[in-house]
Amino acid sequence: MSSPDTPSICVYCGSREGADPAFAAAADALGRGLAAAGWRLVYGAGDVGLMGRVARAAQSAGGATMGVIPTHLLDMEVGKRDLDSFVVTETMHERKKVMIMNAHAVVMLPGGAGSLDEFFEALTWRQLGLHAKPVVLVNVNGFWDPLVTLMDHVVEQGFADHSLMGFVQVVPDAEAAMAALRDRLELRQSDQE
């Protein structure tokens, strides 16, 4: 069980495993890394796809876990009820809010439309100053290259300030994500002291 001072990392990722085995390997590595660091995983509470992999990896390495799932996805995403904390919400919006409010940082592994929805809400809230949490994009084998290109395009076309790109740290793998989180969380800690 984690204490209130334990860093909690919100992980967005797919409810499927995707086409590249490197995606599953990254989810496993991130789950193990969070546990090894003594950090709590906060995620969508599914036991399928990359979601299930990151949670099982964290649990098998002795890590703390918190899952948040809306009632209408309990069956579809196979709600993982053996977590340290299992929260059932009424809506998707409430799920996203509970996840980010219970985390010190956000990480996005490969995923689909749901992961993008979560990522852009976290990024937009960061842009609006509603939170100052680090946002890390794990670009496994270039999976998120089109997203990075799109965000650059949005900035180039004048729909966002150049500061937008400074709110997201793009890394190639789970190990680099862990290093980025350590750096960013230590910076935040020293800013608060």
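Author: Happy to; what follows starts with the pocket, moves on to the cavities, and ends with the helix and sheet around them. Please keep in mind that this is a predicted model.

Let's begin with the largest pocket, which holds about 330 Å³ of space. Its lining is made up of 23 residues, and those nearest the centre are Cys-13, Gly-14, Ser-15, Gly-112 and Ser-115. Helix 2, helix 3 (92–101) and helix 4 (113–127) are the elements that each give two or more residues to this lining. Helix 4 supplies the largest share, four residues. By class, the pocket lining consists of eleven nonpolar, seven polar and five charged residues.

The largest cavity has a volume of about 40 Å³, and you will find Tyr-12, Lys-96, Ile-100, Glu-118, Glu-121, Ala-122 and Trp-125 lining it. Helix 3 and helix 4 are the elements that give two or more residues here, with helix 4 giving the most, four residues. The classes in this lining are four nonpolar, no polar and three charged.

The second largest cavity comes to about 30 Å³. Around it sit Val-11, Tyr-12, Cys-13, Gly-44, Met-51, Met-99 and Glu-118. Five of these lining residues are nonpolar, one is polar and one is charged. If you are clicking through the residues, Tyr-12 and Glu-118 belong to the linings of both cavities, and Cys-13 lines the second largest cavity as well as the largest pocket.

The axes of helix 1 (residues 21–37) and helix 2 (residues 49–60) come within 7 Å and cross at roughly 35 degrees, in a right-handed crossing. On the helix 1 side the contact includes Phe-23, Ala-27 and Leu-30, while Leu-50, Val-54 and Ala-57 are among the residues of helix 2 that take part. Nine nonpolar, one polar and three charged residues make up this contact.

Seven parallel strands form an open sheet in the order 4-3-2-1-5-6-7, with strand 4 (85–89) and strand 7 (168–171) at the edges. On average, neighbouring strands are turned by 20 degrees against each other, direction ignored. Helix 2 packs on this sheet, where it touches strand 2 (40–43) and strand 3 (65–70), and its direction makes about 160 degrees with that of strand 2.

How values were computed. Residues numbered from 1 in each chain as written. Predicted model: local features only at pLDDT ≥ 70, side-chain atom pairs only at ≥ 80, totals over all residues. Heavy atoms only, no water. Axes fitted to C-alpha atoms, helices over the stretch in contact; angles between N-to-C directions. Left-handed = near helix turned anticlockwise from the far one by under 90°. Contact = heavy atoms within 4.5 Å. Nonpolar A, V, L, I, M, F, W, Y, C, P; charged D, E, K, R; others polar. 1 Å grid on protein atoms, 1.4 Å probe; cavity = no way out; pocket = protein on both sides within 12 Å on 5 of 7 lines; lining within 4 Å. Points joined across faces, edges and corners; volume = space filled by probe spheres on them. Pairing = 2+ DSSP bridges.
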